[in-house]
Amino acid sequence: MREKDRERAQSRTGGKGKAGSKDDGLTPEQRRERDAKALQEKTAKKAAQTVAGGNNSGSAGGSKNKK
């Protein structure tokens, strides 16, 4: 009975096990490098928006709570 339930649950999730969601074939060092590069690109894009005058992208949202 338990085995059938596991099979049904596995088929619902697309056959991925618990480890399948985190395993992307990269070593922890490669994952850190990839994440660092993505973070640098994100911050550079945000900095370019603020330099271009696009301050309405969330940094002005904090002023709503000030009285």
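Let me begin with a term: a residue is called buried when its relative accessible area is under 20%, exposed when that value is over 50%, and partly exposed in between. With that in hand, D35 counts as partly exposed, because its relative accessible area is 40%. Please keep in mind throughout that what we are looking at is a predicted model.

The chain as a whole comes first. The protein chain contains two helices and zero strands, and of its 67 residues, 0% count as buried. Its accessible surface comes to about 6500 Å², and carbon and sulfur atoms account for 52% of that area.

I turn now to helix α1, which spans residues 2-12. This helix is hardly covered, since the count of buried residues among its 11 residues is zero.

Next, the charged pairs. How many salt bridges does a search of the whole structure find? The search finds three, and I will take them one at a time, remembering that side chains of opposite charge can pair when their charged atoms come close.

In one of them, the side chains of E3 and R6 meet, with an N to O distance of 3.9 Å; for a salt bridge the cut-off is within 4 Å. Both residues lie in helix α1, three residues apart, which is about one turn of the helix. As a general point, an α-helix has 3.6 residues a turn, so residues three or four places apart point the same way.

Another salt bridge joins D5 and R8, where the closest N and O atoms are 3.7 Å apart. Here too we are in helix α1, with D5 and R8 three residues apart, about one turn of the helix. D5 counts as partly exposed at 38% relative accessibility, whereas R8, with a relative accessible area of 51%, is exposed.

That brings us back to D35, with which I began. Which residue forms a salt bridge with D35? The partner is R34, and the closest N and O atoms of this pair are 3.3 Å apart. R34 is partly exposed, because its relative accessible area is 40%, and for D35 the relative accessible area is likewise given as 40%.

To close, then, this predicted model has a chain in which 0% of the residues count as buried, and three salt bridges are found in the structure.

Note on methods
Residues are numbered from 1 along each chain as its sequence is written. This is a predicted model: local features need pLDDT of at least 70, side-chain atom pairs count only at pLDDT 80 or more; totals for chains, interfaces and linings use all residues. Side-chain values use heavy atoms; hydrogens and water are left out. Helices (H or I, at least four residues) and strands (E, at least two) are DSSP runs, numbered from the N terminus. Buried means under 20% relative accessible area, exposed over 50%, partly exposed in between (1.4 Å probe, protein chains only). Accessible areas come from the Shrake-Rupley method with a 1.4 Å probe; for residues, only the protein chains shown count as cover.
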